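Let's take a walk through a protein together. Have the sequence and the 3D view ready as you read.

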Amino acid sequence: MYLVWKLLRQHISVAQLAGFFFANLFGMFIVLMGYQFYNDVIPIFTAKDTFMKSDYMVVSKQIGNATTLTGNSNTFNGSEIDDLSNQPFVKKLGSFTSADFLVNASMGISGQTILSSEIFIESIPDDFIDVPLNDWKYSGDGDVVPIIMPRSYINMYNFGFAQSRQLPKISEGLASMIDVKLFIRGNDKSKELRGRVIGFSNKLNTILVPQSFMEWSNGIYSSSSKQSPTRLIFEVDNPTDNKITSYLESHGLELDKGDLNTEKTASFLRLLVTIVMAVGMLISILSFYILMLSIYLLVQKNASKLENLLLIGYSPSQVARPYQLLTLLLNVAVLGMSMALLFIVRRYYIDIIYTLFPQLPDSSMIPSIFVGLTLLLIVSLINIIVIRRKIQRIWHRKD
């Protein structure tokens with residue numbers, strides 16, 4: 001063993017090994033960085049809605065110049081609702097109910113008023129809301145109304161208002177920090193209520209209240225008859241079914257754009273990360289080739305001496321082991337340095353992400369560590385096998 005190490009030191013090329021080390025370090029870092037960044041950022045675009053299932057769709061009628069000029073209504077009549085409900089891809093269907101009275105809201109956090117204006121509230125059937133019914137009801141004799149707010153509201157607060165006023169960021173778990181006062185009036189009557197925010201939704205761009213509250217309040221504060229809905233919500237078995245798109249296009253309907261834009265952004269992010277990781281993998285493969293070429297040159301220079309070692313009793317495994325250990329140590333050093341760089345870079349950008357999106361769940365580097373160890377195992381096994389075969393060919397005088 002010592003003799004083999006002595007031969008190795010005589011012909012080792014520091015420049016070649018350094019070239020492999022830094023090239024592989026660069027490639028490994030790009031691969032791990034791309035994978036880790038993707039895992040940290042993708043929940044921003046693909047976070048599951050806490051209160052509505054992913055197979056719920058919200059549709060409305062398309063509004064264009066022709067609709068505006070002709071004065072056609074954008075509401076759904078009974079026959080249109082029945083036709084959509086009878087489609088084979090629809091499991092259940094419900095309609096949005098709008099408040100037919102004035103609603104003013106005052107929202108504050110930590111004593112600071114962040115919104116004071118007239119707002120628009122709606123409701124949908126309770127079976128489309130995935131919360132316990134005890135938390136999502138209004139009896140008519142209380143002063144507290146459960147509310148689900150669009151997540152875009154809290155993002156605007158976190159990005160702008162909280163940052164400029166040094167106020168605390170709000171995550172979904174801290175929804176109770178939002179103090180909401182509702183002032184409703186209509187039909188010569190008025191009432192002040194307190195809103196209790198129970199969470200935020202990705203799918204809705206309106207403030208949602210229980211159906212029981214909407215029916216109660218419209219019955220007291222509305223002076224007009226029941227209005228036809230302008231939006232419908234329905235559940236499907238397969239959101240990617242082409243029949244859904246064909247039906248909506250043929251009937252002049254459109255899906256809520258929020259989910260579509262989010263999916264497009266997420267798809268672009270996946271493509272971008274895939275390209276970056278492919279580039280990193282290519283660099284790693286090239287550096288692996290540099291290492292193997294260096295080892296081949298080392299073995300070739302020592303071919304006659306290694307053959308003598310084999311002839312005097314050294315086994316091929318003993319002769320190959322120093323070269324195998326050298327490549328293994330280099331690979332371990334590359335992985336360790338890559339993880340250290342990843343930790344430093346991630347520590348910088350993760351603080352920015354959590355500042356902008358405090359509702360994101362905590363993520364870890366464990367998946368990236370697992371990927372790095374997997375790559376280390378694969379590359380090291382290939383190195384060990386290739387070097388052993390090279391020594392075997394010397395032993396059998398095949399070179």
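This is a predicted model: local features need pLDDT of at least 70, side-chain atom pairs count only at pLDDT 80 or more; totals for chains, interfaces and linings use all residues.

Residues are numbered from 1 along each chain as its sequence is written, and side-chain values use heavy atoms, with hydrogens and water left out.

The protein has 11 helices and 12 strands; these are DSSP runs (helices are H or I, at least four residues; strands are E, at least two), numbered from the N terminus. Of its 399 residues, 41% are buried. Buried means under 20% relative accessible area, exposed means over 50%, and partly exposed is in between (1.4 Å probe, protein chains only).

Now find helix α6, residues 211-221. Its buried residues are Q211, F213, M214, S217, N218 and Y221. Seen down the axis of α6, they fall within an arc of 155 degrees, so they line one face of the helix. (The arc is that of the directions from the helix axis to the C-beta atoms.) The face turned away from that side carries the exposed E215 and G219.

The structure also holds six salt bridges, each a side-chain nitrogen of Lys or Arg within 4 Å of a carboxyl oxygen of Asp or Glu. One of them joins R346 and D40, at 3.0 Å from N to O. R346 lies in helix α10 and D40 in helix α2, so the pair ties together parts that are 306 residues apart in sequence. Both R346 and D40 are buried.
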